[in-house]
Amino acid sequence: MSLQEAVKEIQSSFDVSQEVLQRSVDKFIELAKKGLASNEDKLGMPMLPAYVTQVPSGKEKGTYLAADLGGTNFRVCSVHLKGDNTFNLVQQKSPIPADMMVGTGDQLFAYLASKIRKFLEEHHGDALEAAHETNSRANYLKLGFTFSFPTAQHSLDSGSLVRWTKGFNIPDVVDQDVVQLLQKHLDAGKIPVHVAALANDTVGTLLSRAYSANAIAGGKQGETIIGAIFGTGTNGAYLEKLDNIKKLPEAVVKDLKAKGVTHMVINTEWGSFDNRLEVLPTTKYDRDVDALTANPGIHLFEKRVSGMFMGEILRNILVDFHSRGLVFTQYPNFESLPHRLRTPWDLDSENLSLFEVDDSKDMKPTEVTLLQALRLPTTLEERQAIQALTRAISRRSAYISAVPIAAIIMLTGALEGHHIEVDIGVDGSVVEFYPGYRTMLRDALALTQIGTKGERRTHINIAKDGSGVGAALCASVSI
Ligand code: ADP
């Protein structure tokens, strides 16, 4: 088989037909409904109730705090909502010392509280003083806490750690309520802050876009109904009717209804869409990449879509092509290939965005990038093949990214009625920076059941500063 023929084979196995798109949308709706009804299916879509019961209108005012414990850093910020869809944001970032990641819960949360105090001293000295003078909790600043580890949430302001990831290992925190832990140490330090919400970055994206939407679009782009992330991973959140979230305990629903609540934000965790692979296109390379991950067999949608995986899929294809004698024939065997080409995860998706658009005659920019990133010399023919493979991978990613969006639009009936438009807030480097990604996603949307008419009425916009503002907004909408 020639290199051109092998590339053609990949192109056709990565192709996403209209039929596959539409079947996937139907499957997504089916699995979403299942996930809303129960948590029993461990391979299903989690569809987690976020206990956020409204999205902001853009008229909210006041100063709210956000704190984000991600992997390596702890970020604290304050967001001043001006009530006209705009805000001011101040942020401070501190690295988490390595010994804190494996010490005790008290050490870690006391450290986080101390960073919040430092932030307030530097940026909100007035609020500190006012709270100390009146000594009333009513004057406490509300904080949205983004805790990016698997957490079982029970209400807007409570959630227990399921397990640590990302190099953290503090056994005495597992199963503990992380909101209470942070609050305990804030109180111990007499820091006038109330942890009002446990936030999630995808939910935050929805809220921050909803808050800003009117200012940007002049109110013409309809309500923000979905927040979505296409970055290292992918996930989405949307507003669902309370009555449709059948798995919520009756007492909780009754209590919320008594407060006038009608809706709740659902964090879909759509990275786990179709873990049984009933509809998604699957190639040998997807199976190989999945096998290299820490969680084989789950997050299979994410593994076909997001930034963490696109480069790795390309690397796997290139290694396979080499083993078949189609490329890099100066290297006699796998062991002699440049080290980085042999190393999983060493080909960053960011490089693919350059291969994608290199229209120079000799593809010099691609040549240089491959040399820098992988120490891999290439011929023009090889670079042309790499570009074709890259385009097949990114196109498949963008096409199937349309599936959850079309499915949620249909599930919620968001486009039903005359002249209705909907707004989708998105965040993440892939959707923001990958050349042509949003255009391809829109092309695919038009091929789904919502059709060209629905696609035209769907607006996809970047949610700026999604995570910090979003967490602060989670605190602001707490009831
Ligand atoms: P995170 O999702 O971790 O918060 P980002 O939204 O920045 O952060 O996403 C990072 C991911 O996006 C990485 O996998 C990276 O390879 C990929 N990425 C960064 N820049 C680009 C780009 N220009 N084109 C495509 N992918 C990119």
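In which helix does Ile116 lie? Ile116 belongs to helix 3, residues 105-123, where helices (H or I, at least four residues) and strands (E, at least two) are DSSP runs numbered from the N terminus. The model is a predicted one, in which local features need pLDDT of at least 70 and side-chain atom pairs count only at pLDDT 80 or more, while totals for chains, interfaces and linings use all residues. Residues are numbered from 1 along each chain as its sequence is written, and side-chain values use heavy atoms, with hydrogens and water left out.

Ile116 counts as buried because its relative accessible area is 0%; buried means under 20% relative accessible area, exposed over 50%, and partly exposed in between, with a 1.4 Å probe and protein chains only. Leaving aside neighbours within four places in sequence, Ile116 is in contact with Ala67, Phe74, Val76, Leu143, Leu182, Leu186, Ile191 and Val193, contact being heavy atoms within 4.5 Å. Of these, Leu186 is 70 residues from Ile116 in sequence, yet the two C-alpha atoms are 8.4 Å apart in space.

Arg209, placed in helix 6 (residues 201-217), is buried because its relative accessibility is 1%. The side chain of Arg209 is joined to that of Asp423 by a polar contact of 2.8 Å, a term for a pair of N or O atoms within 3.5 Å in which, within protein, one must be able to donate a hydrogen and the other to accept it, and residues adjacent in sequence count only if both atoms are side-chain atoms.

Helix 12 (residues 349-357) has Ser349, Asn351, Leu352, Ser353, Phe355 and Glu356 buried, and these buried residues pack against helix 10 (307-323), helix 13 (364-374), helix 14 (380-412) and helix 16 (437-447).

Turning to the whole protein, the secondary structure comes to 18 helices and 13 strands, and 55% of the 479 residues count as buried. Among contacts with a separation of 6 or more, 71% are between residues 24 or more positions apart. Along its principal axes, the C-alpha trace spans about 80 × 55 × 40 Å.
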